Amino acid sequence: MSGNIELLNTTLAAAKAADRAALIAYLPAGFPTVDGGIEAVKAVVAGGADVVEVGLPHSDPVLDGPVIQTADDIALRGGVRIADVMRTVREAYEATGVPILVMTYWNPIDRYGVERFTAELAEAGGAGCILPDLPVQESALWREHADKHSLATVFVVAPSSQDARLATITAAGSGFVYAASLMGVTGTRASVGAQAQELVGRTRATTDLPVCVGLGVSNAAQAAEVAGFADGVIVGSAFVKAMLDAPDEAAGLAAVRSLAGELAEGVRKR
């Protein structure tokens, strides 16, 4: 079975044709439980998310701030495994029909086996992977298998990335480019910052791929601001925090659905 890179491409293109940015939601697999994580994905899509990133919980996440680290710890203590991540992708995709990507660090894939991981992700209906710590110059094996299974390879660029480096990264990627809005880890912030707009402009000069901005967006006003210059708005910590702050799972699901609705309205006010 082939992966769903084409679904990702057409979803992002449809948002552009509608003169708006796409809303991309991030949620970790296995949080608060495997079943609860699947329901959370359904909730953000019901609220208006166009694309979902399912996080593969990691014990040493270099890009993730304390909110997502807390959720990852809960998932890992609950015994989450790669099989549970694949199940989350499969059931979330079957229930929603939207593109589902996995965001993961390289070590779990390396240990699991690249061919095995890509084959299982494609079979589950996944659209691709975001790989924040895989250097482009070491990505040939991954990209070979991702291409074979019709999976997107999304690389992360940062404000510190020089123009020549941006060109190298974007030439190797597919699906979209993940532009980190600032130097640092994930988390909600009062301001997304001017660096993000400059980075999007420099990245677009090197590629026709959509450029989607993450790190720091937590409310409709920020989503609208970023949607004014980016092709997609990526939100993670705000959804996870809504789940963490809720008194029970039902309240958490209601909270993330409501937040997705607010953010979806925001990206339409670009």
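Tutor: Two strands pair if DSSP finds at least two bridges between them. Please keep in mind that this is a predicted model.

Student: Which residue of β9 is the bridge partner of A25?

Tutor: Strand β1 covers residues 22-28 and strand β9 covers residues 232-235. The two run parallel and are joined by 4 bridges, where at least two are needed for a pair. Within β9, the bridge partner of A25 is V235.

Student: What is the order of the strands in the open sheet?

Tutor: The sheet is open, has 9 strands and shows parallel pairing. Strands of a sheet pair through backbone hydrogen bonds, either parallel or antiparallel. The order is β5-β4-β3-β2-β1-β9-β8-β7-β6.

Student: Which strands stand at the edges of this sheet?

Tutor: An edge strand here has a single partner strand, so one side of it is left without a neighbour in the sheet. This applies to residues 152-154 and to residues 156-157. The edge strands are β5 and β6.

Student: Is T88 buried or exposed?

Tutor: T88 is placed in helix α4, residues 82-96. Its relative accessibility is 1%, and the cut-off for buried is under 20%. T88 therefore counts as buried.

Student: Which backbone oxygen does the side chain of T88 reach, and which residues does T88 touch beyond four places away in sequence?

Tutor: The side chain of T88 reaches a backbone oxygen at 2.8 Å, that of D84. Leaving aside residues up to four places away in sequence, T88 touches A29, V34, I38 and V54.

Student: How are the rings of W106 and W142 arranged?

Tutor: In the pair of W106 and W142, the ring centres lie 6.2 Å apart and the planes stand at 90°, so the arrangement is edge-to-face. The pair links distant parts of the chain, 36 residues apart: W106 belongs to helix α5 (residues 106-112) and W142 to helix α7 (residues 140-148). Both W106 and W142 are buried, and their arrangement is edge-to-face.

Student: Which residues form one aromatic cluster?

Tutor: The rings of Y112 and F117 have centres 6.2 Å apart and planes at 85°, so this pair is edge-to-face. Y112 and F117 are buried. The cluster is formed by W106, Y112, F117 and W142.

Student: Which residue lies over the face of Y112?

Tutor: The residue in question is placed at 3.8 Å from the ring centre of Y112. A charge sits over a ring if it is within 6 Å of the ring centre and within 35 degrees of the ring normal. The residue over the face of Y112 is R116.

Note on methods. Residues are numbered from 1 along each chain as its sequence is written. This is a predicted model: local features need pLDDT of at least 70, side-chain atom pairs count only at pLDDT 80 or more; totals for chains, interfaces and linings use all residues. Side-chain values use heavy atoms; hydrogens and water are left out. Buried means under 20% relative accessible area, exposed over 50%, partly exposed in between (1.4 Å probe, protein chains only). A polar contact is a pair of N or O atoms within 3.5 Å; within protein, one must be able to donate a hydrogen and the other to accept it, and residues adjacent in sequence count only if both atoms are side-chain atoms. Contact means heavy atoms within 4.5 Å. Rings of Phe, Tyr and Trp (its six-membered ring) pair if their centres lie within 6.5 Å; planes under 30 degrees apart count as stacked, over 60 as edge-to-face and the rest as tilted.
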